[in-house]
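Reader: I have a model to go through. Take me over it in short questions and answers, please.

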Amino acid sequence: MPPERLVYLDHAATTPLNPRVLDAMMPFLTSSYGNPSATYGLGKTSADAIAKARKTVASIIGCRPTEIVFTGAGSESINTAIKGVAFQQKKARAGNHIVTSQIEHHAVLHACQYLERFGFEVTCLPVDGHGLVDPDHVARSIRGETVLVSVMTANN
Ligand SMILES: Cc1ncc(COP(=O)(O)O)c(C=O)c1O
């Protein structure tokens, strides 16, 4: 348990599990632990639960269930999103420019550095003395060949 007087300011990085999430997940952490890719019954239960969760998330954010990709971690999501968008846009000849900021997580910065090897140009915006990115600076950095802007809402 954390000390009683602890003021925890790193929820952007790790956060305690919401009790409702824990309740919903308990069956899959204890009894219904089947591999959703498997053909046996226990796996089918997991696959059905994932399909239901995918539908729920899609209805909340207003997209198709097939557009939802569940990942195992933030870094995996970030790499999938940044490299996925970048390579898809390059293939479509839409452009090769990415805007990000100097205070992004390494998962973002390293993904952008990786893309530079494939001909992408990355604009890495500075922050002010309060750690804030100037939105006008972001807007001014966007140009015809910009395919992606990746700037975090809150830096942990
Ligand atoms: C802002 C931010 N982005 C990405 C990550 C990476 O997430 P994960 O450790 O789940 O890969 C973290 C982890 O602390 C983070 O704080």
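Reader: Is Val-147 buried or exposed?
Author: This is a predicted model, in which local features need pLDDT of at least 70, side-chain atom pairs count only at pLDDT 80 or more, and totals for chains, interfaces and linings use all residues. Residues are numbered from 1 along each chain as its sequence is written, and side-chain values use heavy atoms, with hydrogens and water left out. Buried means under 20% relative accessible area, exposed over 50%, and partly exposed in between (1.4 Å probe, protein chains only). Val-147 has a relative accessible area of 14%, so the residue is buried.

Reader: Where is Val-147 placed?
Author: Helices (H or I, at least four residues) and strands (E, at least two) are DSSP runs, numbered from the N terminus. Val-147 belongs to residues 146–150, that is, strand 3.

Reader: How far apart in space are Val-147 and Phe-87, C-alpha to C-alpha?
Author: In sequence, 60 residues separate Val-147 and Phe-87. In space, their C-alpha distance is 9.8 Å.

Reader: In which sense do strand 1 and strand 2 pair?
Author: Two strands pair if DSSP finds at least two bridges between them. Strand 1 covers residues 97–101 and strand 2 residues 121–125, with 5 bridges. One of the bridges joins His-97 to Glu-121. The sense is parallel.

Reader: What hand does the β-α-β unit of strand 1, helix 4 and strand 2 have?
Author: View it with the strands pointing away: a crossover is right-handed if the path from the first strand over the helix to the second runs clockwise. Helix 4 spans residues 106–116 in this unit. The unit is right-handed.

Reader: Which residue has a polar side-chain atom 2.6 Å from an oxygen atom of the ligand?
Author: The residues around the ligand (a heavy atom within 4 Å) include Ala-12, Gly-74, Ser-75 and His-105. A backbone N or O atom of Gly-74 lies 2.8 Å from a ligand oxygen. The side-chain atom at 2.6 Å belongs to Ser-75.

Reader: How much of the ligand's accessible area does the protein cover?
Author: Areas come from the Shrake-Rupley method with a 1.4 Å probe. On its own, the ligand has 400 Å² of accessible area. The protein covers 66%.

Reader: What is the phi of Arg-93?
Author: Most residues other than glycine have a negative phi. Arg-93 lies in the loop between helix 3 (74–91) and strand 1. Its relative accessible area is 78%, so Arg-93 is exposed. Arg-93 is not a glycine, yet its phi is positive, at about 55°.

Methods: A polar contact is a pair of N or O atoms within 3.5 Å; within protein, one must be able to donate a hydrogen and the other to accept it, and residues adjacent in sequence count only if both atoms are side-chain atoms.
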